[in-house]
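Colleague: I am new to this structure and would like to go through it slowly, one place at a time. Could we look at it together first?

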Protein chains: 4
Amino acid sequence: VSQQRRSGVGVWLIGGRGSVATTAIAGAAALRSGAVTNTGCVTEQPDFAGVGLPPFDALVFGGHDLTSTPLTKRAEALVQAGVLPTHLPTLVHDDLLVADAEIRHGIQTGRGARPRELIDAVVADLTAFRDRHRLARVVVINVASTEPPLSSDPAVEGLLPLEAALDAGADVLPASSLYAYAALCAGCPVVDFTPSTGMRLPALDELARNRGLPYAGSDGKTGETLVKTALAPLFASRALRVRSWAGTNLLGGGDGATLADPHTQESKVSSKQRAAEEILGYGVNTPMHIDYVPDLGEWKTAWDHVSFEGFLGVRMVMQFTWQGADSALAAPLVLDLARLVARAYEVGESGPLAALAFFFKDPVATQEHRLVAQYDTLRAWARDRLTVPA
Amino acid sequence: VSQQRRSGVGVWLIGGRGSVATTAIAGAAALRSGAVTNTGCVTEQPDFAGVGLPPFDALVFGGHDLTSTPLTKRAEALVQAGVLPTHLPTLVHDDLLVADAEIRHGIQTGRGARPRELIDAVVADLTAFRDRHRLARVVVINVASTEPPLSSDPAVEGLLPLEAALDAGADVLPASSLYAYAALCAGCPVVDFTPSTGMRLPALDELARNRGLPYAGSDGKTGETLVKTALAPLFASRALRVRSWAGTNLLGGGDGATLADPHTQESKVSSKQRAAEEILGYGVNTPMHIDYVPDLGEWKTAWDHVSFEGFLGVRMVMQFTWQGADSALAAPLVLDLARLVARAYEVGESGPLAALAFFFKDPVATQEHRLVAQYDTLRAWARDRLTVPA
Amino acid sequence: VSQQRRSGVGVWLIGGRGSVATTAIAGAAALRSGAVTNTGCVTEQPDFAGVGLPPFDALVFGGHDLTSTPLTKRAEALVQAGVLPTHLPTLVHDDLLVADAEIRHGIQTGRGARPRELIDAVVADLTAFRDRHRLARVVVINVASTEPPLSSDPAVEGLLPLEAALDAGADVLPASSLYAYAALCAGCPVVDFTPSTGMRLPALDELARNRGLPYAGSDGKTGETLVKTALAPLFASRALRVRSWAGTNLLGGGDGATLADPHTQESKVSSKQRAAEEILGYGVNTPMHIDYVPDLGEWKTAWDHVSFEGFLGVRMVMQFTWQGADSALAAPLVLDLARLVARAYEVGESGPLAALAFFFKDPVATQEHRLVAQYDTLRAWARDRLTVPA
Amino acid sequence: VSQQRRSGVGVWLIGGRGSVATTAIAGAAALRSGAVTNTGCVTEQPDFAGVGLPPFDALVFGGHDLTSTPLTKRAEALVQAGVLPTHLPTLVHDDLLVADAEIRHGIQTGRGARPRELIDAVVADLTAFRDRHRLARVVVINVASTEPPLSSDPAVEGLLPLEAALDAGADVLPASSLYAYAALCAGCPVVDFTPSTGMRLPALDELARNRGLPYAGSDGKTGETLVKTALAPLFASRALRVRSWAGTNLLGGGDGATLADPHTQESKVSSKQRAAEEILGYGVNTPMHIDYVPDLGEWKTAWDHVSFEGFLGVRMVMQFTWQGADSALAAPLVLDLARLVARAYEVGESGPLAALAFFFKDPVATQEHRLVAQYDTLRAWARDRLTVPA
């Protein structure tokens, strides 16, 4: 198949049957149908017109997952949870069936398989998907459940030791990084949308640069941290000293259950706390909790209490609550990232894409956490680096 | 007195015995004494080092007020209200006495005096103050109570008709604009820190440009609107559609009593509501109330409820409360503005200073309301336009 | 038709096609079907077992309304608004059709008809309904839109002057009171579930007592006031002095639109503010607003800010928000009241039913506003006065 | 000294130099001086007039503590923390000195001393205090830091095994219970104002009954739980089903530091969670956290999120925040309890005082947690059991 005749863009979702993936796939289909507006889609704003991003109807979905609950059933559950509109599953039923047929059983570490076997299986799935649909390129996006943090290991500090370790059959990579490694081998850009390790290893950064592949991450900024990176600059720029920034997150659904595990929670909490301190420029007491509240379903409520000091030491308080549906906040960003990263690859960008910091709690290759500055950077990058010359 | 030997900077406060003025004067004295840290002072941050701003000990305070309660007594009241630290009035007692001696009785319209007489009196006060202290320049800053909005009048649309109307003894200018006119006549830059009319008349803009004087305004951004201009860009940049943004402001103290008057409240509310809509780019239902709650004293509590729509129309809510002491938030900005505007005048800036939008609810000469973008503009302006060449 | 053979209880709803009525009718049908649990139904709790209340399947619905939108359509709208479960309209479709057939066009004052004509029409509707369904008794409950407050008029201070005024064709009664008068004439107990005048006139109280009919009211306690009457006793019993209790109510839907009118709002606000002061025993600054926020639909958000003083004058703050669906909170109370008032009439209670204060913002014949005390009174009354002797 | 001539009432505070004790002692002195109002004092309300409670000027303070920071210094710190008014330490300086002279070094377990020795020392201190001041009776109140929960031990299940264990020198009692045991031996009623074990052992209950001594407890209800027991009856009485009740407590000061220890926190959290479930009558998911936020000083902020279900399963949410100074809330209750328990002992009450449940998170001898019902019980008990016959 000649490259010239390929035009579609594949979106390969690790965790392809989860809430975020289902919402993204159903939403893209609904947008194609014209039945819904593009609220929540960053790249649909006028700032991104003329940039040459692939249109929604160029996107073809596939992915890996460990569960076999079909997308159609999952979409019904999301209707019950108030995340998808009542009529949507019927409207996009065929699209869900098509995407579901492209979801392969995911890999699992610690079950005896050698890492090279797992990698080869993923590469084969990705290559077959690309060929079957004659796709110009495929973006691999991790939206699977969060892994616990990885212990440090010299084998992941560079590509050579990593290759040696893999050859030796050593289990040095968690699943998220095996997927990322395989994606790069298959010539696919990678997006880490979760706090799992994924691309965040020197060895994988090296591999991406070697292969001229761009990557983005990590941990989609969808709720409390999104608000923090909008608010913390207020205190920083006004020289108001934050004394403590306490937060509680009530999560229902699968996310809450996973994060109820204290070890896993560590990945998330650490990712959430970094932003405020980096914006403020000093250490702050930031007690933070994630509580599993099953009755909240797919919804999340965060409460933050910011105690700060103003002129002459007077103490003041700001509090906020955020009641959001995480999947509905994450899904359009997944589509935005698929479009932007596919385009970035097309125009030759490679390595970590710092300009996409706007989308992430823990952005690669930049210290800029201020939301507005991140947006202005994104906009300028899209205009200057991605845009088709007139 | 030759200009060369003058080095001090005068800060002339309309409303010189109010809470904001008292806090600013007491705070500047405390900062000079080294007894307090510079929390809340924007221009004390590293970004403004080397810009050539006048130091705190170059500032000399004076002003107009209609009350005769001395600053020392007012400072005691602010201690009781929790705005000033217990020990401060003793620490800065002498400085308060000195400043108090420089406060003149303010002008009042509608009492029979012809406008030219009122203007001349203000000019004489300003000139005498400058000469007495051999000041290089004097910045006039309005921190007096809010006036009701002004009805439109052709006489204020240009300088010529305005001069004619004043010559004829017509009461076309409210007190805030008489002060501004007089300040310009006396060669002083003007800062509108309240929503009162002040400089916001084409005739006064013309006068400032004619005289090569800079001016800034209007309405210091200290509480709910400060938060709004940090938060609204979140919704705008993420393409989340705000459906309504309701706000309630509970105010104690003098500010609350003044703003309990529905006609006066109109000035404030209108100034507060503009920002969100301009950032979002579309009209939004923004019911907003100001309630007078005397027991809150110098404190203010705002509650905002933002109802917004995300991907596929799902509806979410963000709420925040802000518990702040307005005077403590405003006073350091008054000092920042005095320093920045004095320096701007020194280096030859004139007309409306759009680069100071960061400080205002309703900034002159710009549509940029996003707090972070305003800060980046301010920083760049200070670096590029104000800095002393090395 | 002999009284002995009548057993059903009629529930005649003024405002029979509104949100509250539709939810009550649909809910009663769902409860009869066994498809839903009885959450929110006070009289379904063990405390009311054995009291002899009419069961849900004894209730027959009818009413008056000025609109002709059928209940089935209204129920669909309530599903969209998130007040009724998706499957409910189908489940209770036939019950809605049956009830809809019993809704008559309502009366309107100020259109030329003489009051006696309007009254006679209502009496005829009620009597026909009772006979048609061979009902033992019919309870008339006003759940229509709130009227503006009534100006005082000597004609309503006693039954004799009222009869004379009605004979003379004078428009002395608002619609809510015309309905109440007619209900009493038809031998029906009355429940004022809104803040409209209804039974709250000495003349109507006299009429009810003359006829041996019980009545209850007024203004269902479903949201902010419900919380207030649970919380205010905390401050009262702990001798904590409330300094101010400010409240904001954001209302969508029809209720919000009606209450956006400042004159009508007066009825509601006055009813809401009384409770806290009567519990606390002293006057409190209680600024209160109702804002119309259409995008909230059938939902309501209230924010209350309570500033209070403790030991040695230290000042503290409590705040709460309440996000509720008013119709879902009101509807089960309508069913509770129908059952309780029907039973009260059956056992011979007459005049104002103070024991039902638990249900109302502005209860008749009692000063007890404390929710828990009201509940204990209700429970004791049901046990001692309503219960069938064993 | 004959009993007839004794009239004062001793208040012996375990933790006599802590924040609560200091505030109580300073407050009682201020009340005696007439310089402050009795806000926050339950027993000063009209409901308790004529009950025969000892007046404030009959109270004489003493206690045990492990620290030696004098009350005068502690009071200054409480002024800085905003808990005591600025002028208070000067006003009550002499009273603080007098009380400070009556504070003895507290006992400590696990340091080699045999329990009987520790008990004897406490008995000696109490007896000497009573004799020195010719007090009619002494109430011992524990306001010391919270202990971790006690493991179960058969030795504390009855008085006989306990006496045997103490005779054998076994460390079966934590400090709070040693104090309680000693108090009973010295003929003093006991109040457990903390969640520490104290009187909550069958053996001590038996001892109190044997000696005809009343006791009360446990864990003063001053903040979040106070609100919970006012609000939970709302949901219970309206048959609204609470699905989850999540809470976060941000604590500064010593209390926060102590409770940061997870083992100690267990005592507190368990005491806080019981109330809601007992009022509601069913198990509820109640994730609850205590976070140590040092910058809050003596203040506490609690945020609670209540997710509940109404009619037909519709889901609603109530949230509240409580910003209080725990010592200021606790101190007047300590005075109330001293007066009530002293009077109860005087009139012959003995054993657990269920009628005092109003004051406690985890009340003895009753399941009634509803605040209003507890108040009505307290009032009736004071009237019927404590009041001096006319």
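Colleague: Leaving aside its neighbours within four places in sequence, with which residues is His369(B) in contact?

Modeller: This is a predicted model, in which local features need pLDDT of at least 70, side-chain atom pairs count only at pLDDT 80 or more, and totals for chains, interfaces and linings use all residues. Residues are numbered from 1 along each chain as its sequence is written, chains are lettered from A and ligands numbered from 1 in the order in which they are written, and side-chain values use heavy atoms, with hydrogens and water left out. His369(B) sits in the loop between strand S11 (351–352) and helix H13 (371–386) of chain B, where helices (H or I, at least four residues) and strands (E, at least two) are DSSP runs numbered from the N terminus. Taking contact as heavy atoms within 4.5 Å, the partners of His369(B) are Lys221(B), Thr229(B), Ala275(B), Glu278(B), Ile279(B), Lys361(B), Pro363(B) and Gln374(B).

Colleague: Which residues of helix H7 of chain B are buried?

Modeller: Helix H7 (residues 175–185) of chain B has ten of its eleven residues buried, so it is largely enclosed by the rest of the structure. Just after H7(B), Gly187(B) takes a positive phi of about 80°. The buried residues of H7(B) are Ala175(B), Ser176(B), Ser177(B), Leu178(B), Tyr179(B), Ala180(B), Tyr181(B), Ala182(B), Ala183(B) and Leu184(B).

Colleague: Which residues does Leu59(A) touch, not counting residues up to four places away in sequence?

Modeller: Leu59(A) belongs to strand S2 (residues 59–65) of chain A, and with a relative accessible area of 4% Leu59(A) is buried. Its C-alpha atom is separated by 41 Å from that of Ala246(A), 187 residues apart along the chain. The residues that Leu59(A) touches are Val9(A), Val11(A), Arg32(A) and Leu335(A).

Colleague: What is the phi of Asp219(D), a residue other than glycine?

Modeller: Asp219(D) is found in the loop between S6 and H9 of chain D, and its relative accessible area of 1% makes it buried. In that loop lies also Ser218(D), which is joined to Gly217(D) by a cis peptide bond with omega of about -10°. The phi of Asp219(D) is positive, near 75°.

Colleague: Which residues lie closest to the centre of the largest cavity?

Modeller: A cavity is a set of points, on a 1 Å grid over the protein atoms alone, where a 1.4 Å probe fits but cannot get out, and its lining residues have an atom within 4 Å of a point. The structure holds eleven cavities of 30 Å³ or more, and the largest holds about 180 Å³ of space, a volume being the space filled by probe spheres set on the points, which are joined across faces, edges and corners. Of the 16 residues that line the largest cavity, the closest to its centre are Thr321(A), Gln319(B), Thr321(B), Thr321(C) and Thr321(D).

Colleague: Which residue of chain A comes closest to the axis of the rotation that superposes chain A on chain B?

Modeller: Copies are superposed by least squares on the C-alpha atoms of residues with pLDDT of at least 70 in both. Chain A is brought onto chain B by a rotation of 180° with 0.0 Å of shift along the axis, at an RMSD of 0.0 Å. At 2.0 Å from that axis (C-alpha), the closest residue of chain A is Phe320(A).

Technical notes:
On a 1 Å grid over the protein atoms alone, a cavity is a set of points where a 1.4 Å probe fits but cannot get out, and a pocket is an open set with protein on both sides within 12 Å along at least five of seven lines; lining residues have an atom within 4 Å of a point. Buried means under 20% relative accessible area, exposed over 50%, partly exposed in between (1.4 Å probe, protein chains only).
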